[in-house]
Amino acid sequence: MSKETGKVAVITGATGGIGFAVAKRLGKDGYTVILNGIEDEKGAEKVAELTADGIKAEYYGFDVTSDEEVTANIKKIGDKYGRIDVLVNNAGGLGGRSRFEDMTTEFYRSVMALNLDSVFFASRAAIPYLKKGENASIINYTSNAAWNAGGPGAGIYGTSKAGVNAITRALAKDLAEYGIRVNAVSPGTIDTPFHAQIKATKPEVFASWKNSILLGRLGEPEEVASVVSFLASTDASFITAETIQIGGGQALGI
């Protein structure tokens with residue numbers, strides 16, 4: 001079977017929010033974009049939207065917390081295209097809130113799996129295909145919580161994102177000899193459907209968030225996508241093991 005040609009980007013958790021904005025931007029950059037998610041109907045809709053926009057796109061439904069599912073699907077993608085040029089480990093999330101005293105082992109493991117295991121599983125599976133890519137790189141997502149340990153009940157989220165900081169640098173060390181770069185982005189508060197509930201039910205709280213941001217506003221998904229685009233490009237060919245804050249100065253904690 002003949003291989004497809006052209007640059008290939010795999011984006012986990014890409015059926016909405018920041019992930020979809022990243023898929024759209026990389027598609028505009030000339031990549032064939034592979035969207036991952038767990039809602040197959042939504043995945044099909046998003047692929048149709050990208051295709052209508054002149055972007056080559058596919059959807060693969062799998063759970064990023066499952067070793068077996070990640071490995072099997074990344075292998076299918078890599079075998080079909082013969083390469084992976086960019087892996088964007090976008091999937092992740094708070095997973096809920098729990099103080100440590102009351103935290104169940106199940107909750108602990110679910111948050112660590114979503115934010116850290118997923119990065120390991122996808123990166124490990126993609127490495128053989130990234131070695132065949134051009135200016136290949138991995139881009140992970142961390143958070144201010146990795147440094148400040150998160151707000152009340154978000155301690156294990158912060159812990160998982162601190163792990164993402166470490167694995168980003170560790171992968172960069174491990175893969176430098178192959179010319180594969182590994183970086184991370186740290187989005188601040190971005191205006192996505194993720195915040196739709198609080199926006200609708202507590203608009204005053206939502207509005208107050210901008211007060212902690214130096215630039216006085218929330219970010220847009222496209223502003224994260226543009227940085228991911230840069231890190232994937234040859235303009236960033238001498239950047240590895242770095243984290244870029246995309247938070248309008250929120251990390252300064254005004």
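1. Lys7 is placed over the face of Tyr31, 4.2 Å from the ring centre. A second case involves Lys131, whose charged end lies over the ring of Tyr178 at 4.2 Å from its centre. A charge is taken to sit over a ring if NZ of Lys or CZ of Arg is within 6 Å of the ring centre and within 35 degrees of the ring normal.

2. On the basis of this note: the model is predicted, so that local features need pLDDT of at least 70 and side-chain atom pairs count only at pLDDT 80 or more, while totals for chains, interfaces and linings use all residues. Residues are numbered from 1 along each chain as its sequence is written, and side-chain values use heavy atoms, with hydrogens and water left out.

3. The count of aromatic pairs is one. The pair consists of Phe120 and Phe121, which is classed as tilted because the ring centres are 5.8 Å apart and the planes stand at 50 degrees. Rings of Phe, Tyr and Trp (its six-membered ring) pair if their centres lie within 6.5 Å; planes under 30 degrees apart count as stacked, over 60 as edge-to-face and the rest as tilted. Phe120 is partly exposed at 38% relative accessibility, whereas Phe121 is buried at 10%. Here buried means under 20% relative accessible area, exposed over 50%, and partly exposed in between (1.4 Å probe, protein chains only).

4. Ten salt bridges are present in the structure. The term requires a side-chain nitrogen of Lys or Arg within 4 Å of a carboxyl oxygen of Asp or Glu. One of them joins Lys24 and Asp53, at 4.0 Å from N to O. Because Lys24 lies in helix H1 (residues 17-28) and Asp53 in the loop between helix H2 (40-52) and strand S3 (57-61), this bridge ties together parts that are 29 residues apart in sequence. Helices (H or I, at least four residues) and strands (E, at least two) are DSSP runs, numbered from the N terminus. Lys24 is partly exposed at 33% relative accessibility, and Asp53 is partly exposed at 33%. A network of salt bridges links Lys24, Lys28 and Asp53.

5. Asp79 and Lys75 form a further salt bridge, with their closest N and O atoms 2.8 Å apart. The two residues are separated by about one helical turn, because they are four residues apart in helix H3 (residues 67-81). Asp79 is partly exposed at 34% relative accessibility, and Lys75 is partly exposed at 46%.

6. Is the salt bridge between Arg83 and Asp85 made by buried or exposed residues? Arg83 counts as buried at 18% relative accessibility, and Asp85 is buried at 0%. The closest N and O atoms of this bridge are 2.7 Å apart.

7. Ala91 belongs to the loop between strand S4 (86-89) and helix H4 (105-130), and is buried with a relative accessible area of 12%. Apart from neighbours within four places in sequence, Ala91 is in contact (heavy atoms within 4.5 Å) with Thr12, Gly13, Val64, Leu114 and Ser118.

8. Leu215 is located in the loop between helix H8 (203-208) and helix H9 (221-232), and counts as exposed at 62% relative accessibility.
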